[in-house]
Number of protein chains: 4
Amino acid sequence: MLLFACDYLEGAHEAILEAFVRTNREQLPGYGNDHYCESAKEKIRKACDAPDAEIYFLAGGTQTNSTVIAAYLAAYEGVVAVETGHINVHEAGAVEYTGHKVMTVPQHQGKMCPQELEAFLAKFWNDPSHEHMVFPGMVYISHPTEYGTLYTRAELEAISAVTNKYQIPLFLYGARLGYGLCSSSTDVTIQDIARLCDCFYIGGTKVGALCGEAVVFPKGNAPKHFLTITKQHGAMTAKGRLLGVQFDTLFTDDLYFKIARGAIELADYLKAEFVKRGYKLYLDSPTNQQFIVLENAEMEQLKEQVGYEYWEPYDETHSVVRFATSWATTREMVDELFSIIDGLKKA
Amino acid sequence: MLLFACDYLEGAHEAILEAFVRTNREQLPGYGNDHYCESAKEKIRKACDAPDAEIYFLAGGTQTNSTVIAAYLAAYEGVVAVETGHINVHEAGAVEYTGHKVMTVPQHQGKMCPQELEAFLAKFWNDPSHEHMVFPGMVYISHPTEYGTLYTRAELEAISAVTNKYQIPLFLYGARLGYGLCSSSTDVTIQDIARLCDCFYIGGTKVGALCGEAVVFPKGNAPKHFLTITKQHGAMTAKGRLLGVQFDTLFTDDLYFKIARGAIELADYLKAEFVKRGYKLYLDSPTNQQFIVLENAEMEQLKEQVGYEYWEPYDETHSVVRFATSWATTREMVDELFSIIDGLKKA
Amino acid sequence: MLLFACDYLEGAHEAILEAFVRTNREQLPGYGNDHYCESAKEKIRKACDAPDAEIYFLAGGTQTNSTVIAAYLAAYEGVVAVETGHINVHEAGAVEYTGHKVMTVPQHQGKMCPQELEAFLAKFWNDPSHEHMVFPGMVYISHPTEYGTLYTRAELEAISAVTNKYQIPLFLYGARLGYGLCSSSTDVTIQDIARLCDCFYIGGTKVGALCGEAVVFPKGNAPKHFLTITKQHGAMTAKGRLLGVQFDTLFTDDLYFKIARGAIELADYLKAEFVKRGYKLYLDSPTNQQFIVLENAEMEQLKEQVGYEYWEPYDETHSVVRFATSWATTREMVDELFSIIDGLKKA
Amino acid sequence: MLLFACDYLEGAHEAILEAFVRTNREQLPGYGNDHYCESAKEKIRKACDAPDAEIYFLAGGTQTNSTVIAAYLAAYEGVVAVETGHINVHEAGAVEYTGHKVMTVPQHQGKMCPQELEAFLAKFWNDPSHEHMVFPGMVYISHPTEYGTLYTRAELEAISAVTNKYQIPLFLYGARLGYGLCSSSTDVTIQDIARLCDCFYIGGTKVGALCGEAVVFPKGNAPKHFLTITKQHGAMTAKGRLLGVQFDTLFTDDLYFKIARGAIELADYLKAEFVKRGYKLYLDSPTNQQFIVLENAEMEQLKEQVGYEYWEPYDETHSVVRFATSWATTREMVDELFSIIDGLKKA
């Protein structure tokens with residue numbers, strides 16, 4: 001069956017597998033102290049134009065979010081996110097498990113509004129009983145968001161200005177960062193992100209790696225003893241090479257960006273094909289996740305031949321469905337999707 | 001440089017890399033719902049003679065220990081381990097981070113004494129103020145232990161009898177389980193472990209995998225919603241295939257046991273070579289970790305050509321040093337080690 | 001200065017102080033094992049018509065909420081409350097500190113809507129990815145609410161029916177329970193609450209005691225080892241008599257209800273006096289907390305002579321202000337308040 | 001029955017009850033912002049000769065320990081205590097519940113040895129894998145200890161020198177501090193403690209109060225937002241007067257020290273009477289807790305007329321039993337105890 005449900009359906013980009021094979025018998029120290037990790041870090045520092053960046057490799061997204069957030073927050077602090085933020089919905093309460101509240105502000109197509117954020121923080125500090133409340137201790141945003149949307153550079157600058165004003169760190173969740181950076185309608189570069197955020201991560205799992213996220217503290221500002229904190233969270237990888245080799249490969253010859261660009265081109269193509277056939281877009285996503293409104297009966301028929309991700313009800317007779325492309329999607333796969341869809345229409 | 005410091009110096013057994021390459025473009029659902037995970041589970045059930053076993057794949061050892069232990073314990077309970085247990089020393093307080101005390105009993109070459117365990121539990125329940133104390137809620141043992149030693153079947157049966165009597169689960173940490181099962185001087189089989197423990201894990205990271213531990217609940221007795229618990233701990237792997245493909249390979253044609261046996265043969269050979277040269281063994285380890293007493297000056301000289309793991313001081317002029325073999329060690333490497341040692345002696 | 005800011009401005013009802021004096025030199029065992037605690041429990045069981053009730057005395061409200069909630073929830077569960085619930089706003093994240101999410105539904109004058117609760121729970125269980133989400137594990141409601149409002153018996157029955165259907169406990173926060181039960185416009189009795197809730201507490205601190213809340217598990221359904229859990233939370237009182245003597249006094253000759261009734265009569269009088277003078281009620285509270293809309297300039301002037309609690313802005317020129325009566329309020333104090341208010345008007 | 005089991009058998013010193021009665025109808029702000037709290041703090045600052053001290057009143061000992069310890073420690077840190085420390089044995093894992101390990105060193109009649117502490121800390125920092133371990137982040141000592149013993153000034157200075165050298169705070173648990181300070185064989189003053197410790201608390205519950213502990217940060221060095229932290233731990237008292245009035249009374253006219261001295265005199269008398277009759281002391285306690293070795297049969301007989309605290313077995317035929325005096329003990333009560341004992345002997 002043809003699957004478009006998400007962007008982690010295949011293994012790893014072949015260059016990564018080749019690197020595993022090539023380096024396999026090399027004896028290397030554990031816990032991230034090997035030269036592949038070092039090399040990967042150096043390449044990421046260059047890509048980010050952040051020579052002082054401290055970088056750690058963790059295995060997955062939820063793990064990264066809860067480890068970073070807990071490392072930053074004092075016990076009496078929580079993290080501010082939009083209601084639809086991944087940490088607030090789909091991480092099984094991993095942040096709360098570490099003792100911290102996820103404090104929510106409204107979402108706008110998955111994005112946080114800088115003015116609303118400022119109002120939220122001002123309200124807290126002006127509240128005469130704020131000492132009985134959770135202190136907002138950092139801000140979490142997703143880029144791309146859970147709806148595939150992107151912040152503009154101006155929006156990121158505005159959010160960053162707010163967090164600077166309130167002296168709390170800005171953390172950017174980048175599980176799909178590559179797809180955001182390579183969107184055809186973004187003005188945000190990875191250097192912008194390194195400049196504007198206190199911490200962000202470069203998602204590997206969904207952008208060509210078997211697993212792995214590169215956590216970047218761009219100003220050499222990692223929380224004290226972050227290594228021990230990752231150990232305490234069960235987030236330290238014994239064979240650090242597993243992550244080092246992958247990120248070293250991804251940041252060699254711009255591979256990370258190349259494969260993201262490929263996925264974006266196919267997502268744009270997929271979107272155009274849906275639009276051409278008169279389908280409604282739930283929202284106009286500029287990245288690799290496309291949210292299409294399908295008539296329920298058609299959605300059911302399609303299920304037998306194509307794997308998609310059911311998102312949410314749209315109205316009585318329609319639903320929102322996600323189709324994602326990835327580094328592994330081919331033009332042939334998209335064409336096959338529409339040949340199936342067109343076939344259903346005729347039948 | 002020649003490294004014997006630990007058993008996670010190389011990548012993965014080549015059969016695993018081949019399986020990655022072979023299956024790479026196959027589209028598979030995430031989170032462990034793919035057929036490689038299913039196949040691996042079925043093979044493990046067979047190997048354990050435990051048809052009802054529930055099996056989960058996690059990425060690393062500390063993660064597995066803290067997730068399993070937290071999943072089992074009520075808030076008012078702690079886990080009983082020997083003082084040298086990995087969870088008590090080298091996991092950065094990961095268990096306590098989940099809110100639970102590690103309660104210690106003495107160690108004997110890394111092992112727990114069943115009688116001392118029983119006395120510990122009896123003392124708690126007989127204490128008139130035990131309601132003000134942490135309840136012992138499970139028992140954690142390592143096999144092999146952190147000193148490479150092994151329980152006999154009789155010892156495991158005695159410990160299991162105690163935990164059954166007190167109705168608390170017995171959890172066996174098996175990061176190096178393969179090397180324990182394939183020791184030339186053990187009477188414990190994986191079926192024994194499945195029969196006697198409430199939970200154990202089959203270590204992959206140190207026995208041929210890039211990463212991964214297979215957690216086995218042999219009587220279909222996984223804690224309720226264990227999947228959600230792994231997510232909450234950041235221990236769920238998006239691309240479940242990463243672990244499924246590896247364990248499916250390791251449990252095909254007895255690969256797991258074959259590679260463990262190879263490491264044991266070389267460890268026995270390494271030990272014999274040390275003994276032949278008059279070195280003192282710190283203890284007589286029957287597994288892949290060998291603890292040798294070295295004269296300090298020699299230890300320093302050796303450091304320039306061989307990577308070993310400094311363990312602890314022995315006396316004023318000697319130290320205990322660990323040499324480990326693994327699935328990747330070759331006879332040539334051991335021979336080279338002794339040619340270096342003999343060379344130092346002559347010099 | 002005349003204070004109406006809250007209902008914990010004075011010490012304790014004099015009958016309690018007398019009981020302290022009377023019993024002071026009596027030697028009693030600690031930790032709640034004294035006969036005053038026993039007697040208080042028996043009287044509460046009678047008042048609740050709940051002969052099997054298990055009862056524990058804790059010192060304060062936040063402590064009680066976080067201890068009870070953590071005792072009930074599995075690690076992967078959270079507690080459902082309205083957005084304005086005390087646990088969600090004014091307890092400094094005490095629930096999250098124990099590792100659990102507070103999951104919110106909308107509030108209606110501080111109350112939870114049974115239909116919205118049911119919809120929330122149904123949505124969770126119907127969500128195909130609910131295993132990646134926090135499980136709703138109990139429901140928390142306040143009676144009176146943080147806005148002084150009350151559930152009707154029919155509403156409580158409807159909420160209870162929902163929690164029974166989903167087999168999760170219903171917990172009622174009763175810091176001001178007395179004032180709710182003695183409102184002139186309620187049809188809810190303490191027996192109703194004991195019948196419909198799985199746990200609730202009878203607030204003492206705000207209803208005549210120096211401190212203390214009586215936690216009632218009306219069906220003998222206290223979480224296992226709840227005593228040890230209170231100890232672990234730092235919520236066990238060494239001199240249990242401190243709480244036992246107070247609740248024994250409060251539940252002798254209906255004192256608890258008598259003093260609550262007195263506060264309600266004065267709150268009704270205070271409300272009527274405000275209304276008579278043309279003030280707007282923010283909402284029509286039937287209990288001892290009255291929320292009045294004041295013109296900002298008047299509010300500022302009043303501050304010099306009367307202590308009230310600023311609640312929230314109403315519009316550009318008005319604010320919502322809380323005036324609370326308590327067991328200690330007298331008619332003279334209310335009269336003095338209005339003589340001050342009338343004086344300001346004239347000036 | 002005559003009870004000597006502990007020092008919290010009676011209510012409160014009568015001066016406290018009188019103060020409650022006297023101040024009862026005074027309207028006071030909550031949460032410790034009343035003038036009795038202020039006055040009590042000022043008196044304690046004077047008593048400690050610590051004009052910059054920040055002082056907080058909490059309700060009980062376990063609560064105070066876990067709140068203070070959690071407030072000080074970073075997530076990756078634990079607290080060092082002797083094996084018999086109250087936090088390690090009799091607080092139901094309250095410290096671990098906040099996520100931190102209790103790290104133990106040996107006890108010597110309940111005391112920590114400064115040299116052993118230094119060795120423990122040195123070993124940690126010298127361990128090449130200490131980044132995989134829990135960092136020792138503070139030191140906890142009890143004065144008097146759980147065995148009634150006392151540190152000398154020289155010992156406290158030595159421990160303080162070690163914690164200064166390693167730049168970690170020294171916290172002194174003082175549930176029975178008064179009895180320690182008023183021992184006839186101590187050279188430690190409260191000013192010494194304020195000078196040498198980073199935090200300590202002055203126990204009220206066991207020294208004349210109904211409840212309450214005064215936490216002192218003698219150098220104005222309270223952890224940031226400690227007030228919010230107490231709220232988060234459920235350790236903030238709504239009617240702060242409950243604690244303020246008590247400590248204001250206890251620190252007026254040296255009452256705290258007077259009542260402690262009285263208890264010490266009676267403890268010395270009780271000890272002398274036991275010794276006179278040939279009883280063996282388990283250890284020579286200089287404070288209000290006396291540990292006597294009783295023959296088991298006599299212990300059983302005595303139980304019918306006298307409440308004592310069984311401590312631990314001594315040998316096959318004897319047990320260690322605790323007799324405690326308190327602010328409420330009278331000479332008549334001690335005389336009655338020995339008249340019962342002598343009566344049993346004759347029978």
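Student: What does B:K101 form with D:E96, and how far apart are the closest N and O atoms?
Tutor: In this predicted model, B:K101 forms a salt bridge with D:E96, and the closest N and O atoms are 2.5 Å apart. The pair crosses between chains, running from B:K101 in the loop between α5 and β4 of chain B to D:E96 in helix α5 of chain D.

Student: Is D:E96 buried or exposed?
Tutor: D:E96 counts as buried because its relative accessibility is 2%, and B:K101 is also buried, with a relative accessible area of 11%.

Student: How many salt bridges does the structure hold over all chains?
Tutor: Over all chains there are 69 salt bridges. One of them joins A:K111 to A:E155, with the closest N and O atoms 2.8 Å apart. A:K111 lies in the loop between β4 and α6 of chain A, while A:E155 lies in helix α7 of that chain, so the pair ties together parts that are 44 residues apart in sequence.

Student: And why does A:K111 count as buried?
Tutor: The cut-off for buried is under 20% relative accessible area, and A:K111 counts as buried because its relative accessibility is 15%. A:E155, at 27% relative accessibility, counts as partly exposed.

Student: Switching to helix α2 of chain B, how many residues does it have, and how far does it reach?
Tutor: Helix α2 of chain B covers residues 35-48, which makes 14 residues, and from its first C-alpha to its last it reaches 20 Å, close to the 20 Å expected at 1.5 Å a residue.

Student: What caps its N-terminal end, and what comes just after the helix?
Tutor: The N-terminal end of α2(B) is capped by B:D34, which has a side-chain oxygen 3.0 Å from the backbone nitrogen of B:Y36. Just after the helix, B:D49 takes a positive phi of about 55 degrees.

Student: Which residues in α2(B) are buried, and what covers them?
Tutor: The buried residues of α2(B) include B:Y36, B:C37, B:A40 and B:I44. Among the elements of chain B that cover the buried residues of this helix are α1, β2, α9 and β7.

Student: Where do B:E38 and B:K41 lie?
Tutor: Both lie in helix α2 of chain B, three residues apart, about one turn of the helix, and their side chains meet in a salt bridge of 3.9 Å, N to O. B:E38 is partly exposed, with a relative accessible area of 41%, whereas B:K41 is buried, with a relative accessible area of 14%.

Student: Now the interface: how much area do chain B and chain A bury between them?
Tutor: Chain B and chain A bury about 4,200 Å² between them, with 54% of it on carbon and sulfur atoms. On the side of chain B, the residues that lose the most area to chain A are B:Q27, B:Y97 and B:K239, together 20% of what that side buries.

Student: How many salt bridges does the rule find across that interface?
Tutor: The rule finds two salt bridges across the interface of chain B and chain A, and A:R25 forms a salt bridge with B:E14, the closest N and O atoms being 3.0 Å apart. As for which element gives the largest share of the side of chain B that touches chain A, that is α1(B), with four residues.

Student: Last topic, where is D:V188, and what is it in contact with?
Tutor: D:V188 sits in the loop between α8 and α9 of chain D. Leaving aside neighbours within four places in sequence, the residues in contact with D:V188 include D:H143, D:Y151, D:L156 and D:I193.

Notes:
Residues numbered from 1 in each chain as written. Chains lettered and ligands numbered in written order. Predicted model: local features only at pLDDT ≥ 70, side-chain atom pairs only at ≥ 80, totals over all residues. Heavy atoms only, no water. Helix = DSSP H or I, 4+ residues; strand = E, 2+ residues; numbered from the N terminus. Expected span 1.5 Å × (residues − 1). Buried < 20%, exposed > 50% of the residue type's maximum accessible area, 1.4 Å probe, protein only. Contact = heavy atoms within 4.5 Å. Polar contact = N/O pair within 3.5 Å; in protein donor to acceptor, adjacent residues only side chain to side chain. Buried area = accessible area lost by both parts, 1.4 Å probe. Salt bridge = Lys/Arg side-chain N within 4 Å of Asp/Glu carboxyl O.
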